[in-house]
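Here is a short report on one protein model, written for a reader who works with coordinates. It starts with a single helix, then turns to the chain and its rings.

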Amino acid sequence: MGVFDESGVVRGEDGVKRYANRPDSLVAMLRNSVERRPEGEAIVDLGTGARVTYRELWDRSARVAGGLAASGLQRGDRAAIQLGNGLDWVLAFLGCHLAGVVAVPVNIRFSREEIDYVIDDSGSAYVFRPDDALPDGEPLVVDDLQPADLAAIFYTSGTTGFPKGARTTHANFLSNNESARRVIGLPDDGSVRNLLSVPLFHATGCHSQLLATLERCGATVIMPAFEVQAFLQAIEAERINVLVSVPAVYWLAISQENFGDFDVSSVRWLVYGGAPIAPDLVARLKDAFPRARLGNGFGLTETASIATYLPHEYADEHADSVGFAAPVMEVDLRDVDPDTGVGELLIRGSNVVDGYWNKPEATAETFVDGWLRSGDLARIDDKGLVYIVDRAKDMINRGGENVYCVEVENCLAAHPDIFEAAVMGVPDAMMGEKVGAVIVPVPGREVDADDVVAFCRRHIGDFKVPQYIHVAGEALPRNPGGKVLKPTLRESVDWGEPLF
């Protein structure tokens, strides 16, 4: 539609659009940045206070690569990164690539069982653990990696069972870098100072913040964990000009009583996504960050982050839209309802990964005829604006974290005192939604809410644990086919106060 710069976009024989003249790999990309700005600040770790230049980042990553090789890892082997946000995570990730090793970022908020599954399923031959020193050896750089080579496996939770690993190539990463530059408007002069407050094991934090900033020769300022006062302090102290986060974070930040005490005038780009945003919050953000261009980004782990983007000029009138397809992305709808125009959103382009690791059936179901089936129900207007209207999958969006109801229901079903349970989202002003569970006890038994919470924490990630629990005195309402009528429950349940 001409909204974004489409110069240099070509369509391959497979019909997929891609950017011409991209580097061959993340290694080549990083080398370019080091050569252009060797003494420029690359990473600031707010947890440890460490600051490294591009030259130092290259040298230290190369020693990690050498250490991996000395540990016996060979090109194409996998290494799991079970670390929190910080410089060590970046060195581990880049060290993998310099060694030709496939990085496997681990969601450290997963349960122990889920973490073990990711490590085992990926066949990781090495695990970066938080209490261990980074591997160290003679500097190593594998220079002949190709765009189609597998670079990383990012695991995303499925509606049932264990997480699925999205096979992300160097071409996927580099395509997303260019999409970020074009849709957000990131400059190429080393002036970017990007505050990373979301997890690095997520596509947003790694792909669209860390890697996109590294290619622009800017500085990535990393928070070890989000804390609202530290977030505001960092904006002022580090002269941050790029913010990327979920609406809940911004709502919390501008709602602080002392927000006006912080100088946020340095912010030039403010990107939100990962959850619906209220139109009045868009207006508040424009007032709070008057020099910033706002934008709404939408994507999936399977799209290596950015699939669509809503530019600043459309943020008010179309606050409920996730925007236009990025320059190398195309969108379409499947099984469209003729009355509403709503169908399942299909996405294709060079950002889209080539499938799931060790999951041929899931790959065949999700990646069909060159298109990614997103699982989201959407409509597309005559301007090309995409509107997500519902979820084909039963999912709760908790402040940008996807919580699949079936997974939580399966956990609750294993509790000895629970006969049946229905899980759904409970509206929340800050998080968008929180996890709620309607529970029917086993006849003759009683259910203790605190015990249920503790039980869930032992089996699923903490962000999936129900914060609202309603104990029902009768069976759950169901339709003739046996499916629980969740709309009926939503209307009838008084959730009360959250448990934590």
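Exposed means over 50% relative accessible area, buried under 20%, and partly exposed in between, with a 1.4 Å probe and protein chains only. This is a predicted model: local features need pLDDT of at least 70, side-chain atom pairs count only at pLDDT 80 or more, and totals for chains, interfaces and linings use all residues. Residues are numbered from 1 along each chain as its sequence is written, and side-chain values use heavy atoms, without hydrogens and water.

Helix α12 spans residues 449–459, and its buried residues are Val452, Val453, Phe455 and Cys456. These cover an arc of only 165° around the axis, which puts them on the same side of α12. The arc is that of the directions from the helix axis to the C-beta atoms. The cover over the buried residues of α12 includes α11 (405–413), β25 (418–428), β26 (432–441) and β27. Contact means heavy atoms within 4.5 Å.

## The chain

The chain has 13 helices and 27 strands. Both are DSSP runs numbered from the N terminus: helices are H or I with at least four residues, strands E with at least two. The radius of gyration is 23 Å, close to the 23 Å that the globule rule gives for 500 residues, so the chain is as compact as a globular protein of that length. The radius is taken over C-alpha atoms, and the rule is 2.2 Å times the number of residues to the power 0.38. Buried residues make up 58% of the 500. Among contacts between residues at least 6 apart in sequence, 68% join residues at least 24 apart.

## Aromatic rings

The structure holds 10 aromatic pairs. Rings of Phe, Tyr and Trp (its six-membered ring) pair if their centres lie within 6.5 Å; planes under 30 degrees apart count as stacked, over 60 as edge-to-face and the rest as tilted. Tyr468 and Trp495 have ring centres 6.2 Å apart and planes at 70°, so this pair is edge-to-face. Tyr468 lies in strand β27 (468–471) and Trp495 in the segment after α13 (486–492), so the pair ties together parts 27 residues apart in sequence. Both Tyr468 and Trp495 are buried. Elsewhere, ring pairs link Trp89, Phe93, Phe154 and Phe173 into a cluster.

Two charges sit over rings, meaning that NZ of Lys or CZ of Arg is within 6 Å of the ring centre and within 35 degrees of the ring normal:

| Charge | Ring | Distance from ring centre |
|---|---|---|
| Lys164 | Tyr356 | 5.2 Å |
| Arg457 | Phe500 | 4.6 Å |
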